[in-house]
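Biologist: Hi! Could you walk me through the aromatic rings in this one?

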Amino acid sequence: MLDSLEPGLPPGQVLLAVGVDPQSAAAVDVVRDAAGSRAVAVVFGQGRSGRPPEALRAAAEDAGTALLFRTAWFGWTELVGALRAGLVLSGVPADPAVAAVTLGDLNGLADAVAVLVGGAVTIEDVESRVLAYSSTKEDVDELRRLTILGRRVPEWRVSAMQEAGFFRALWGTGDVIHRPAHGENPERLVVAVRAGGEVLGSIWVAAAGSDLAPRASDALRSAARVAAAHLVHHRSHRTHARLVEDAARALLDGRGSADMLAERAGIPPHGHCAVLAVRPGGSRKGDETGKLHGLLAVRCGAHDLKSVVLPVEQGALVLLGALHQDRQRAVEQVSQLGNSLVRQVTDAFGPGTRIGLGSVAETLADLPESRRSADLALRALLSTGEHRAVGFAREVAETVALNQIMDALTGLALASETPVARLVAFDAGHGGGTMVETLRAYLDHFGHVPATAKALGVHANSLRHRINRLTKVSGLNLRSPDARLLAQLQLRLLDRGGREA
């Protein structure tokens, strides 16, 4: 790390010029000083523009020092880990079967290791979360089954290993740890995966139906060295996804930069875009945020749309970019995707799925308004009596407007002696709540006695008796449009739990 208070570097170092603008004259001085200390490379941040100035390039060429630049989405902390991993892994020999696995294919790596060691493999991060596991036809023990199903080692097992000091031993040694078979738990081998002293995770091997291979420990040591590159790759891509999500969330909240999101997500800053607000239906068990996120991302990709999916409470927001340049065609794209997604999400999570479609915006900077209209549409679709599953705010404009009116009225101190207030007090004193229920049904059915009686499950004559009684108790004039309007509004406030009514 560059530190102006500690001039001079040992030879052969990679210098990280944190906080130095590559466009500045100071950057040229840094390169020359680094060359004088025989540094092999200097790494700068991205700076204000994409290309380094010619003076900096010339200084690097004259000094014979490599010039590197950190991409905007890859943080300095992640860069340090990647450089350390690269330095450690360069030239490390590995079994050809393991080395041939495509970088980032953790499941492929787990399968390759499983063949070499003759057992069932799981690859985990430092928090005991399962990143990948090998496929096996043999019966696996209960602990492995629970670990794979839960995508992490059960908490009770993690706690037991922590108390026994197992993790302290695992992270502190560079060798394979052997855990003998015990009861129903088969023999296991585990090794830490590290790069340049930084622990990245671990590889676990469990005997599955037969003994492990004779040289399983040697194969696992070799695999751990190769796995470091895969875990660094996994971490960097996860970091990129998080930065994209943070940029999108900041923009939609009205505090972010459209240019930053465009750079990180690869979405044009100018061009039609929109936001969808998704609320899955059904009775969801546990945390299924990842399942919803994956489904939405895959379906948007199937429609050839650039998207960013943001988990939110009870659902997700889908940011769509690079829509058709013709506005009407862009609106049709959003509608078609919404109708497709509502079917897919319903199939995955159950009935009751609703998707609010945001208005089509002209640029990414206009997306906060699209997000607002998507939220309004979703809320309207979730309202009682609304049977549509997907739609724009304009398609449910009456419900949107009514919700806005009710929001404005909620908390407003109304007169205490209104007819509805008297009915609420009467029901509270006599029990049953029949007066308020009867008035609500009567108004909802436009005063049509047969329809109201059917909805309440009473005889028409009984209903007439109730109506006569409630008008006497409350003083409500059912012939007055203003009285009926006030009663309807107060009843809706009661439905919201607004006891101010």
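Predicted model: local features only at pLDDT ≥ 70, side-chain atom pairs only at ≥ 80, totals over all residues.

Biologist: How many aromatic pairs does the structure hold?

Modeller: Four. Rings of Phe, Tyr and Trp (its six-membered ring) pair if their centres lie within 6.5 Å; planes under 30 degrees apart count as stacked, over 60 as edge-to-face and the rest as tilted. F167 and W171 are stacked, because their ring centres are 6.1 Å apart and their planes at 20°.

Biologist: Which helix do F167 and W171 lie in?

Modeller: Both belong to helix α8 (residues 166-172), four residues apart, about one turn of the helix. Helices here are DSSP runs (H or I, at least four residues), numbered from the N terminus.

Biologist: And is F167 buried or exposed?

Modeller: F167 counts as buried, with 12% relative accessibility, while W171 is partly exposed at 24%. Buried means under 20% relative accessible area, exposed over 50%, partly exposed in between (1.4 Å probe, protein chains only).

Biologist: Which residues do ring pairs link into a cluster?

Modeller: F166, F167, W171 and W204.

Biologist: New topic: what is the mean pLDDT of the chain?

Modeller: The mean is 85, and 90% of the residues reach 70 or more. pLDDT is the predictor's confidence in each residue, from 0 to 100.

Definitions and conventions
Residues numbered from 1 in each chain as written. Heavy atoms only, no water. Helix = DSSP H or I, 4+ residues; strand = E, 2+ residues; numbered from the N terminus.
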